[in-house]
Amino acid sequence: MPYTTPEGTNDLLASQARLWQKAQFVAKQVFETYGYELIETPKFEITEVFSRGIGEATDVVGKEMFVVRSGANYQKACEQGSDEALKLKQKLSLRPEGTAGVVRAAIQHNLVPQGAAPAKLYYMGPMFRSERPQRGRLREFHQIGAECLGSTEATADVEMILMLLRFYEEMGIKRENLRVLVNSMGDDACRPAYRERVRDFLLQHSDDLCDDCNRRADTNPLRAFDCKNPGCKHVMSEAPKITDYLCEACAHHHREVIDLLANAHVDVVEDFSLVRGLDYYTRTVFEIQSTEIEAANSALGGGGRYDNLSESLGGKPMTGLGFALGFERVAIALEDSGVELPLADNLDVYVACATRDVAHQAFSLLQDVRNAGLSAEMDHQGKSLKSQFKIADKLQSRFAIIVGPDELAQGNVTIRN
Ligand code: AMP
């Protein structure tokens, strides 16, 4: 049987590939007007970057990461029955998200020296999570993300949200089809007490919660807000609200974010159940949803503030915030709202050979046309002139140059539109 793509992965072909190119182009244009610069980090990192950064008890780290081993290290682990003998730097994982790697890079290269302006970085590329594949939920998917490292003020949080909205709009998604959800996760001063309240609440309702949520009471109570189980969702709608537990500093930051968004004319849904799947968030978290795609996969992107992440990764204190948007979700939102996908550019010139014996002269003319900056093509299959015209038509070529022996002898070619 011929091989196919692994489960949950896609080949990006034709219009999808062009859309991915467009998304990268739009991101570059929009983000650079906001002062962001491209960063490329490796597609895999030392696993601990993710487990310490994102959190051991998250689904992303606990269940969904693709572990990477060199052949030799894999064999060693098999022989010994465990990974224990491997060194830290030999235990690698494909990146499930981009933030931990970017913050690792910022620490490694001291991108935010004391007293410097924030480092504003964006990235684009594949991420890997072993999730149950479905429409808009893949095992290899593409994210575009941005991080603003060293920023503390609510204006930075709001700038992120506005930049993300601008990206969607430039891609062709209408503002009225986007929903902006915002919440605060508090910080070290106020979240621990809130976590305890949620844990108590989970224990009180254990009979009505799924096994995962009962486990979460011990490991990570706030994750219960993310549970997709309808029974759990119902129970959690009555859970204590973080906004009732925020310390004065976090409450002030949250109010500023809401006010700044209102000043920028962004309608916001304040959603206290928005906790997002990663442990590193503090204070602002946000998510942009499409009102046009099914609820389970309606999140087009999201992010938040992670003021403790640098320290979790062994760096000095460095505040920051960021977002990631899912390219495949954007593609679905565009498809479902009937927005035309980008078409291939038409060809400028098709160089046709009247007879095979002029192919070499035609080939050299083809190079001249391309060197002049026009897109050009010729036949490489020995086709008849009639077939070459058909192909030129199919490629929607604006001009055909016909190279024939008689014209060549006079130093001429025929040009047709
Ligand atoms: P996260 O990194 O979990 O905050 O996700 C940010 C965005 O990436 C989401 O809002 C989705 O648009 C997208 N995303 C996350 N996981 C997947 C996945 N498995 N497949 C496709 N897109 C995803």
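The rings of F31, Y122, F167, Y168 and F323 are linked by ring pairs into a cluster. That is where I want to begin, and please keep in mind that this is a predicted model. The count of aromatic pairs comes to nine. Two of them involve F31, and I will take those in turn.

In the pair of F31 with Y122, the ring centres are 5.5 Å apart and the planes stand at 80°, an edge-to-face arrangement. F31 belongs to helix α1, residues 14-33, while Y122 belongs to strand β5, residues 119-128. The two residues are 91 residues apart, so to speak of this pair is to speak of a link between distant parts of the chain. F31 has 0% relative accessibility and therefore counts as buried. Y122 is buried as well, at 2% relative accessibility.

The pair of F31 with F323 has its ring centres 5.8 Å apart and its planes at 75°, so it is also edge-to-face. Here helix α1 is linked to strand β11, residues 320-326, which holds F323. What is the burial state of F323, buried or exposed? F323 counts as buried, because its relative accessibility is 1% and the cut-off for buried is under 20%.

Next, the strands. Strand β7 covers residues 178-184. Six of its seven residues are buried, so the strand is largely enclosed by the rest of the structure. Which way does β7 run relative to its partners, parallel or antiparallel? With strand β9, residues 282-290, β7 is antiparallel and is joined by seven bridges. With strand β8, residues 268-270, β7 runs parallel, and three bridges join the two. On the β9 side, V180 stands opposite I288. For β8, the residue opposite L181 is V269.

There is also an open sheet of three strands, in the order β2-β4-β3, with antiparallel pairing. Its edge strands are β2, residues 44-46, and β3, residues 67-68, each of which pairs on one side only. Strand β4, residues 92-94, is joined to β3 by two bridges, and the two run antiparallel. V68 has L92 in β4 as its bridge partner.

Now the second largest pocket. How much space lies in it? The volume is about 310 Å³. The lining consists of 20 residues, and those closest to the centre of the pocket are D188, R191, R195, D279 and Y280. Sorted by class, the lining has seven nonpolar, six polar and seven charged residues.

Last, the cysteines. How many disulfides does the structure hold? The count is zero. C78 has a relative accessible area of 47%, so this residue is partly exposed. C353, in contrast, is buried, with a relative accessible area of 2%.

To return to the opening point, F31 pairs edge-to-face with Y122 and edge-to-face with F323, and the cluster they belong to also includes F167 and Y168.

Conventions:
Residues are numbered from 1 along each chain as its sequence is written. This is a predicted model: local features need pLDDT of at least 70, side-chain atom pairs count only at pLDDT 80 or more; totals for chains, interfaces and linings use all residues. Side-chain values use heavy atoms; hydrogens and water are left out. On a 1 Å grid over the protein atoms alone, a cavity is a set of points where a 1.4 Å probe fits but cannot get out, and a pocket is an open set with protein on both sides within 12 Å along at least five of seven lines; lining residues have an atom within 4 Å of a point. Grid points are joined across faces, edges and corners, and a volume is the space filled by probe spheres set on the points. Ala, Val, Leu, Ile, Met, Phe, Trp, Tyr, Cys and Pro count as nonpolar, Asp, Glu, Lys and Arg as charged, and the others, Gly among them, as polar. Rings of Phe, Tyr and Trp (its six-membered ring) pair if their centres lie within 6.5 Å; planes under 30 degrees apart count as stacked, over 60 as edge-to-face and the rest as tilted. Helices (H or I, at least four residues) and strands (E, at least two) are DSSP runs, numbered from the N terminus. Buried means under 20% relative accessible area, exposed over 50%, partly exposed in between (1.4 Å probe, protein chains only). A disulfide is a pair of cysteine sulfur atoms within 2.5 Å. Two strands pair if DSSP finds at least two bridges between them.
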